[in-house]
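This report describes selected local features of a predicted model.

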Amino acid sequence: MPKLINLLPTKFDRKNLKCQHFLPTLRSRGSARLQTLNTKNEIYSTALHKILPAIYYRKEKGVYVDLGCGESSDVFGMAKYGYESYGLDLFDLDEKYLNPAQHPIIAKKLYQTMKNAHFIKQDCCENWNIKADVITSNAMLPLINPIEISLFLTQIKKNLKKGGLLSIFYSPLVCGYKIDSDVIKKYLIENNFKILNKEKDYLIIAIKQ
Ligand SMILES: C[S@@+](CC[C@H](N)C(=O)[O-])C[C@H]1O[C@@H](n2cnc3c(N)ncnc32)[C@H](O)[C@@H]1O
């Protein structure tokens, strides 16, 4: 009989529920950030840190959407800062964080008390509707089959408000695809986005004009 591991997909496939087995590895950093809540006040990811100056520069606090939010640490961080924050992910939040007996600080302090932080179970390549001032997608893009990337970008284009800030961080992931950042930049430029960062790393920051 074939071993289970041989039956599991080797690349992330958003339509295949078995891809859930990748989650503990994929979300380990976000989980670790939530666990430091006892000792640290700040739970932003490194990727969100990179655009904080641009966020602080914005006068009005508005609506924030994090695509592929994992355990939602950035959603809570931005909610704490004052944004109406939405985290979208294919797979639910880890139940252990929702259980006050297992994680009293996280379950009580975040999930129950932060009324402006919301989790929505949603495939970001399919239709979603939240008009946003800031959209981020950190460490999710390589999980989208390159053939389908336009589905993901179309939803961003539709939902980001004029003048809105977009940040996509896409470092390689073990079960992911190779990303051609030129294809993404070309799409954004053709669709009236202005790319703000010129250096070559795994980050695209853009403003919708
Ligand atoms: C590497 S984790 C990153 C989580 C979080 N952004 C962070 O930085 O901690 C990638 C997440 O993207 C989610 N994901 C992958 N494809 C998705 C899709 N099409 N729609 C929504 N979420 C997706 C996965 O379920 C996973 O939670």
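## Strand pairing around β7

Strand β5, which covers residues 160–169, pairs with β7 in the antiparallel sense over 5 bridges, and within this pairing L166 stands opposite A206 of β7. Strand β6 (residues 193–195) also runs antiparallel to β7, to which 3 bridges join it, and here K194 has I207 as its bridge partner in β7.

In a regular strand the side chains alternate between the two faces of the sheet. For β7, which spans residues 203–208, the covered face consists of I204, A206 and K208, whereas L203, I205 and I207 make up the uncovered one.

## Ligand shell

The ligand is surrounded by 22 residues, of which L26, G30, G68, G70 and C124 are the closest. At least two residues of this shell are supplied by each of α3 (28–35) and β2 (84–89). Sorted by class, the shell around the ligand holds 12 nonpolar, 5 polar and 5 charged residues.

## The loop residue M114

M114 is found in the loop that lies between α6 (104–112) and β3 (117–121).

When residues up to four places away in sequence are left out, M114 touches F76 and A79. M114 and K80 are 34 residues apart along the chain, and their C-alpha atoms are separated by 7.7 Å.

Terms used
Residues numbered from 1 in each chain as written. Predicted model: local features only at pLDDT ≥ 70, side-chain atom pairs only at ≥ 80, totals over all residues. Helix = DSSP H or I, 4+ residues; strand = E, 2+ residues; numbered from the N terminus. Contact = placed C-beta atoms within 7 Å. Buried ≥ 20, exposed ≤ 12 C-beta atoms within 10 Å, placed from the backbone. Pairing = 2+ DSSP bridges. Near = placed C-beta within 6 Å. Nonpolar A, V, L, I, M, F, W, Y, C, P; charged D, E, K, R; others polar.
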